[in-house]
Amino acid sequence: MIYRYFVLTLTACALLLGIQAPNLLTQYQQRLAAQYAEAKVYYDDYQVIADRYFEGELDALIAAHENSTEPAFREEAAIIRKLVQRITAFERQQQLQQQSYPAQLWALVWQHDEELLQGTLEQYSFNVPLTQTALATGALVALAFALLSDVLVGGCKRLGRRYKRHPKTLKH
C-alpha cells in the first residue's frame, strides 16, 4: 500500500517535471537566439573586414592576424577564431531547434550547448504552462516513470521469488 502512494507521489513529480520541459526548451531557445544575435554583431564586423581585404575569407583574416608583427593583432587572432567557432556552434544549435518538438527535446537533452544550458538553468524561471504540449509532455513523462517503476519492481519481485525457490542455482 505504501509502495503505491510512493509511486503515485513520484509519478506526480514526474508529471510536474514533464510539464516544465516546453518551458525549459523555450527559455533555452530564447537564450540561444539572444547570444547568437550578440555574437553575430561582432562576427559581421569582422566579415566586413574580410570581405574588403581577404575576398570574404575569415580564415585569411585570422591568418593575417596570426602572422602580424604586432602582438595585439596576434592575440586578436584567437579571439576572432573563437568568435567564428561560437557562431558555427550557435547555428548548429539553431538547426537542431528547427525540428519537430520531440526532436527539439532530444537535442536539448543530448546535443545541447553546455554553456547555453548551464546559463538557462541558472536563470530558469519556473512556470506551469498549461498548453497542450506541456500537458502531453508531462503525461508522457509521468506514464513512462510509472511504467518503468512497475517493471523494475515487478522484475525485483520475480527475481526474489525465483531466489526463494532455487537459492542454490542463483548463487555463484
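This is a predicted model: local features need pLDDT of at least 70, side-chain atom pairs count only at pLDDT 80 or more; totals for chains, interfaces and linings use all residues.

Biologist: Which residues of H6 are buried?

Modeller: Buried means under 20% relative accessible area. In H6 the buried residues are Ala134, Thr137, Gly138, Ala142, Ala146 and Ser149.

Biologist: Which helices do the buried residues of H6 pack against?

Modeller: They pack against H1 and H4.

Biologist: Take Thr137 of H6. What is in contact with Thr137, leaving aside its neighbours within four places in sequence?

Modeller: First the burial. Thr137 has a relative accessible area of 9%, so it counts as buried. With those neighbours left aside, Thr137 is in contact with Gly18, Ala21, Pro22, Tyr101 and Leu105.

Biologist: Now the helix pairs. How do the axes of H1 and H6 cross?

Modeller: Read the approach and the angle together. The axes of H1 and H6 come within 7 Å and cross at roughly 145 degrees. The crossing is right-handed. By class, the contact of H1 with H6 has 16 nonpolar, six polar and two charged residues.

Biologist: And where do H1 and H4 stand, roughly parallel or roughly perpendicular?

Modeller: Angles of 65 to 115 degrees count as roughly perpendicular. The axes of H1 (residues 2-53) and H4 (residues 101-110) come within 11 Å and cross at roughly 70 degrees. That makes H1 roughly perpendicular to H4.

Biologist: Which residues make the contact of H1 with H4?

Modeller: From H1, they are Ala21, Pro22, Leu24, Leu25, Tyr28 and Gln29. From H4, they are Tyr101, Gln104, Leu105 and Leu108. By class, these residues divide into eight nonpolar, two polar and no charged. Ala21 and Pro22 of H1 are also among the contacts of Thr137. Tyr101 and Leu105 of H4 are among them too.

Biologist: What is Gln47 in contact with, beyond its neighbours within four places in sequence?

Modeller: Gln47 is in contact with Gly56 and Leu58.

Methods
Residues are numbered from 1 along each chain as its sequence is written. Side-chain values use heavy atoms; hydrogens and water are left out. Axes are lines fitted to C-alpha atoms, for helices over the stretch in contact, and angles run from 0 to 180 degrees between N-to-C directions. Helices (H or I, at least four residues) and strands (E, at least two) are DSSP runs, numbered from the N terminus. Angles under 35 degrees count as roughly parallel, over 145 as roughly antiparallel, 65 to 115 as roughly perpendicular and the rest as oblique. Contact means heavy atoms within 4.5 Å. Ala, Val, Leu, Ile, Met, Phe, Trp, Tyr, Cys and Pro count as nonpolar, Asp, Glu, Lys and Arg as charged, and the others, Gly among them, as polar. Buried means under 20% relative accessible area, exposed over 50%, partly exposed in between (1.4 Å probe, protein chains only). A crossing is left-handed if the near helix is turned anticlockwise from the far one by less than a right angle, and right-handed if clockwise.
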